[in-house]
Amino acid sequence: MVPLSYYLVLSAILFGLGVVGFLLKRSVITIFMSIELMLNAVNLAFVAFSYHWQALSGQVFVFFVIVVAAAEAAVGLAIIILVFRTRASLNVERVNLMKW
Amino acid sequence: MPAETVLFFVFGGLAVLGALNLVLQRHPIHSALSLILVMAALAALYLLLGAEFIAAIQVIVYAGAIMVLFVFVIMLLNAGEEERTSMSRAARYVGLPVAGLLLAEVGYLLYRAWPEGAVVEADKFLGRTGPIGRLLFTDFALPFELTSVLILIAVLGAVVLAKKEL
Amino acid sequence: MLDYLWLVPLLPLAGAFLLGVVGRRLAQSTVSLIGVGSAGLSFGVSLGVAAAVAEMPAESLPMVKSYFTWLAAGSFRVEAVFLLDQLSLLMILVVTGVGFLIHVYSIGYMAHEGGYYRFFAYLNLFMFFMLLLVLAGNYALLFVGWEGVGLCSYLLIGFYFLRKSAADAGKKAFIVNRIGDFGFTLALLLMFWTFGSLDFTTVFGRAAGMPVEPAAWGQAGVLTAISLLLFSGAVGKSAQIPLYVWLPDAMEGPTPVSALIHAATMVAAGVYMVARSHVLFAHAPLALTVVAAVGCLTAFYAATIGLVQTDIKRVLAYSTVSQLGYMFLGLGAGAFAAGIFHLMTHAFFKALLFLAAGSVIHAMNGEQDIRKMGDLRGKIPATYWTFLMGTLAIAGLPGFSGFFSKDEILWQAFSSPSLPLGWLLWLGGVVAAMLTSFYMFRLVFLTFHGQARYTPETAHHVHESPRVMTGPLAALALLSVIGGWVGIPAVLGERAGIANLFEHFLEPVFSSSTAILRADAIAHSHSEELGLMGLTVLLALAGLTVAYTFYLRNPELARQLAETFRRPYQLLLGKYYVDEIYSAAIIRPLHWLSERVFWQEVDVKVVDGAFNGVAARARSFGLWVRLLQSGNTRSYGAWVVVGALVILSYFARDYVFR
Amino acid sequence: MTDWIARHPDLVFAVVKIVLCLFLLLTAVAYLTWFERKLIAHIQSRWGPHRVGPHGLLQPLADGLKNLFKEDIIPAGVTSRFVYLLAPFLAVSLSLLAVAVIPFGPEPVEILGARTGLHIADINIGLLFVLAVTSLGVYAVALAGWSSNSKYSLLGGLRSTAQMVSYEIALTLSVIGVLLLAGTLSLREIVEAQAGHWSGVVPRWFIFPQFVAFLCFFISGVAETNRAPFDLPEAETELVAGFHTEYSSMKFAMFFMAEYAHMIVTSLVASLLFFGGWLSPFPATEFWSITRYLPVVLAAALGGVLLVDVLRQRTGWHRLIMAAVGLGLLAVAGLLATQETLLALAQGPFWLLGKTAVFLFVFVWTRATLPRFRYDQLMAFGWKFLVPLAVLNIVVTSFLVAWRAG
C-alpha cells in the first residue's frame, strides 16, 4: 500500500541528485555516471506511471531508454578514452577549448 | 507496517544513499559502485512495481553491461581521485542553488499532482515478458528497428573513436 | 510521324550536348558528322511531319501536343506544349532546311578555323532554341527559345572572342536585345494579368472575344499595350529602328553565322512572333500602324545606309535590316501571310547572298572590303552566278522570288483599309526597293566586275570554294529563283490559272484577323495593281542602271557625286552617327549615374553601410554574449538546469500558485 | 513458537530450503575440488590426494581449515581497501545466488503435511535472473584485479572482464533458441516443455533441436567460469595467478569457491535447458516404470563397493569412515526402497544431479585435456565464431517456429 507519489518523489530526488552530481563532479566519467543516474530516475517514473495506468507502453519506453543509454555509454566512453589520450586528464574543466 | 512498504523504504533508502554516495565520493570507482547499488535497488523497486522484465533488463544491461564498461574504462585509464579545480563559477553559484530549486519543485509537483487514491499493491502485477515483446514487435516495431540501427551506428562510432590511429 | 514531332528540336539538342561534352576529343570529321547529321535528321523529320500533315484534312490543324508540366505555381501553369499549325510547320521547314544547308556549308568554311567542335555545338544549340521558339505552344516556352537564340547569337558573334571587336559586338547584341526583351517581359506579365494564362489557344481565344480597340492614342486599351510591348521585343530581335544597331556589328561572327542567325532565321523571329500574335495585333490597329510605320521607316533608312558601305558583309547586314523592315511593313498592313512569305524568300536569298559573300571572302582569304575586289567573275564563277541570282531575287526583278513577296507586301500596304496613309508607306517601300536594287548591284559590280583592285599576291591565291560550299550555294540559288512561285499574286495568277498557293496555305491561320482587317476593303481594280507592280519593277531596273553607270561605265561619276554631296555622303558613311548619339545620349549618362550615384553613394553608403552596421551591432552583442560560453561543460550544464527550471515552472504555474 | 511456524509454513520452508541449499552447495563445492584433483591425477596417471582420509576424502576439510587459519594479508599498496575486500564476497555470493531459482523437481510435493516445491524461488523470469546474476559476476574479477594494484592482477582483471563480457553475449544469444521453443522464461516451464518422447523413445529434450545452441552455451559457459581452456585471467605462466594474485587465505578460498559454484550452476542450467532437467530419460510407460528404482540400485551398489573397499584400507579409522559411508549409503538405499513418497521425491533431484555430475566431469575432463588459448585467439573465437553461430541458430530456429506455427 505505497502511495504512487512516493515512487515519483523518489525518482525526483534521484534526478536532482544526478543534476547535482553533474554540476559538482569534475571527472568526466563521474559526470557521465550522473547522467546515467538521471536516466534511471526517469525510468523509475516511467515504470511507476506504467503501473498506475496498467499500461505496458511505459515499460517499453524504459526498454528504449536503456538501449539508448547503452549506445550512449559506448560512444561516450570511447570519447572519454580519446580525451584522456590527448589531454592526459579526465578533468572536464581542462577540456574547455571549445569557446568563442 | 506491510511488507511492501518496508521493502519500498529499504530499497528507496538504498537508492538515495547510493546516489548521495555517487556525488560525495571522489574516486570514480566508488561512484561507479554506488551507482551499481542504485541500479540494483531500482531493480528491486521495479519488482515491487511488478515490472519483472524491466527489472531483469535493468540488472543485465545496466548493471551487467553498461556499468561494467564504466568500470572497465576506469581500470583502463587507471583514473585516480578527481582533482579539486573550480574553473566554472557558473556551475557553483548558479547551478547548485537552481538545481536545489529544481529538485524541490519537481518533488513538490509530483507529490501534489498525484491523487491520494493512487497506491501500489503488490498483487496487481503486470509486465509479464510476453506482452511486452508483443508490444515491441507490433506497435513499437519501427522504434525497435531504429534502436537496432542506432546501436549499430554507436558500435561503429565507438570503434572509430577508440582506434589508436585512423 | 507526328508523334515524333519532339524529335525535331531534340535532335539538334542532342548533337549540341554530344559535341559540347566530348567534341573536344572527336576528330573533325566526326564532329561535322554529328553536327550536320543532327541538323539533317531534324530536317528529314520535319519533312516527314509535313508529309503527314499533307495527308490529314485541313481542319485537323492546328494540333496541340502537350508533353509535361514545366512550371506550376498556383494558378500559373506552364506546359511544355508544342503547337503545330501551317505557320509553325512552314517555320520549322525553313529553319531546318536553310539551317541544314548552312551546316553543310560550314564544313568547308570553318575547316581551317579553331574551335571547330565549339562552332558546331553552338550552331546545333541555336537550331534547338530556334525550333523551340517556332514550335512553342505558349509564350513562356516561346520566350525560352527567344532568349536561347539570343544567347547562341551572343556566343557565335563572339566566336573569335580573342578579337576585342568581336567580343564587344557580342556584348552589344546581347545588351541591345535585353532592351527589347524588357518590353517583351512586360508584355508577358501584362498578358498573364489580363488573360490569366500564357497559352496561345487561351490567350487568343479570350482576345478574339474582346472588341477591336480604337486606333487613337487616347483611348487605346490593354491589347494595344500588350501588342506594342511585344513589338518592342520584336524590334530588338529583328533589328528595327531604334534597336537595329547591333546587327551590323554582329557581322564580326563567322559568315555562316551571319547567314543563318543574322539573316535567315533568328532576326526573323520577331516577325514570326508578331505574326503568331496576329489576333492581338488585329484587335489593336494602332499597334499595327506603329508596326507598319517602323517597318517602312527601317526599310528606307537602312537602305540609305547600305548605299555607301564598303564592307561586303555590312552592306548585306543593312540590306537585311531593311528587308526585315519590309516584313514588318507587310505585317503592319495586316497582310500577315505576305510578311511570312517575304520572310521565307528572304531566308532563301539572304542566306544565299551571305554564303556567297562568305565564299568570296574565303577566296580573298579574309578580305571584306569591296574596294579591294573586282573582276572576280571569272575566277569564282559558281560564287558569282549564285550571288547574282540572290541579287536579282532581292532586287525584286520579275520572276525571282523577291519580286513576288516584296510586291505583295507593297500592294497590301497600298491597298490596306486599316492603314492610314497607306500610299505614303507604299511610297517609302518603293523608294527603298529602288535603293535596294541600286546598292545590291553596286555590290555585284564592285565585287565581280570592273578591273581587279587587289594585290597580285592575293591574285594567284584566289580560288573557287570547295564543293561542300558551292553545293549549298546552288541549292539556295535554286530556291531563291523558284521559291517565290508558290505565292504568285492573284492578279497574275488568275491569268495563268494558278492560285496563290502560299496565301491559301496560310489562310486558316490568319483567317480570323484578315476577316477583321479586311472587313471594309475597297475594291481595287487589277489595272491599278498591275500599274503599281510595273512601277516598282521599273524603279528596280532604274536602280540597276544607275549602279551600272556609276560603277562600271564611268566610276568618276560616283566620286564627283560624293564630292558634291559630301555632307550627306559622310552622314551615310557614318551611319547617321547613331552609335555615337546613343553613346552620348544614353551610355555615358548611364555610366556616370551608376558610378557616381549608385556605386559611390547608394551602394557604398547605404547598402554596405546598412550591412556593416548590422554586422557591427551583432559583433558587439556577440562579444557580450560570449562571456556565457566559457567552454566549461559544467557551466553549460548549469545554464541548461536554469532553462529546465524556467520551463517547468511555466508548465507548473497553476500548481504552484494554487 | 511452534504455532508461529504453523502460521507461516512457507516462511519456514523458505528458510529451511535456503539453508539446505547453501549447505549442499558448499559441500558440493568442497568435494568438487577433491573430485577434480583426483580425476586429473588419474588422467595424468597419478594418485592425487590420498593421505587425508581414505582416498583423500577429508582433503577438502583440511584445505578449508588451512585457509581459515592462515594469516590474512592485505597488501599495503591496495588502491581501495573497501573494493579489495568487497571483491571476493561479491564473487562467492553472486555465484551462490543463482541457485535460488533452480528447480530440482516437479512441483509441488508433499512434505510433512505441507506442500512446497523443490526450489527456493520459482519466479517466472528465472532464466533472466540467472543471466543477470552471472553478468554481475564480472565485477568480482574486475574489482579484484583493479584494487590489488599489481600489474598481474590488473592485466588478469582486464582480460577476464573483456572475456566475460564478450562470452556473456554468446551465452545469452545461445539461450534464446531454447526460449523460442519453450516460449517462457521460467526454468520450471522450460523443463516441462521438454516432457514426453518423440515416437515413444527419444526424449523431447532441447539438446536435439538445439544442438548448436547447446555447443555455444556450454563453450561460453566454460569461458564464463574462467576455466581451462579459457582460464587466461589466471594463466599462471603469464600472470602468476591473475586477478587473485594478491589474495590470500579465506579471500583466496572464496574466489575458488566462487569458481566451483559457478561451474555447478552452469552445469545445472545446462542440464535444465537442454537435457530436460529433472525429467527421466525413460518413457513413462508401465514397462519403464521400473527405472524408478535406479537411485536405490546405485546407492546400494556404491555402498557395497565402499564396504568391500573397507578391507583395503590400512589404518583403522580409515576403515571406520569407509564403513560408515558405505552403511549410510545402504541405509539410504533401503529407505528409498521402502518409502514410496521418498522415492518419488528423490526422482527429480536424482536425475538433475546425475546430469549435472556428467557436466562437471566434462568440465574437469576438458581442463585436463585441452591446452590454453592465446588471448587474441580467444577473442576471435568468441566474436567471430560463437556469436555469429548463435545468431544463425536464432534465425533458423525462429523460422522453424514460425513455420510450425503456420
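Modeller: Let's start with a strand pair: Val2(A) stands opposite Val120(B) in β1(B). Do keep in mind that this is a predicted model.

Biologist: Thanks! How many bridges join β1(A) to β1(B), and do they run parallel or antiparallel?

Modeller: Two bridges link β1(A) with β1(B), and the strands run antiparallel.

Biologist: And which element of chain A has the lowest mean pLDDT?

Modeller: That would be strand β1 of chain A, residues 2–3, with a mean of 80. The highest mean among the elements of chain A, 89, belongs to helix α2, residues 28–52.

Biologist: What does chain A average in pLDDT?

Modeller: Chain A averages 85, and 96% of its residues score at least 70.

Biologist: Good to know. Now the contacts: how many residues of chain B are in contact with chain A?

Modeller: 74 residues of chain B are in contact with 62 residues of chain A.

Biologist: Which element gives the largest share of that side of chain B?

Modeller: α3(B) does, with twelve residues of the side that touches chain A.

Biologist: What about the classes of residue there, on the side of chain B that touches chain A?

Modeller: That side of chain B has 58 nonpolar, eleven polar and five charged residues.

Technical notes. Residues numbered from 1 in each chain as written. Chains lettered and ligands numbered in written order. Predicted model: local features only at pLDDT ≥ 70, side-chain atom pairs only at ≥ 80, totals over all residues. pLDDT = per-residue confidence, 0-100. Helix = DSSP H or I, 4+ residues; strand = E, 2+ residues; numbered from the N terminus. Contact = placed C-beta atoms within 7 Å. Nonpolar A, V, L, I, M, F, W, Y, C, P; charged D, E, K, R; others polar. Pairing = 2+ DSSP bridges.
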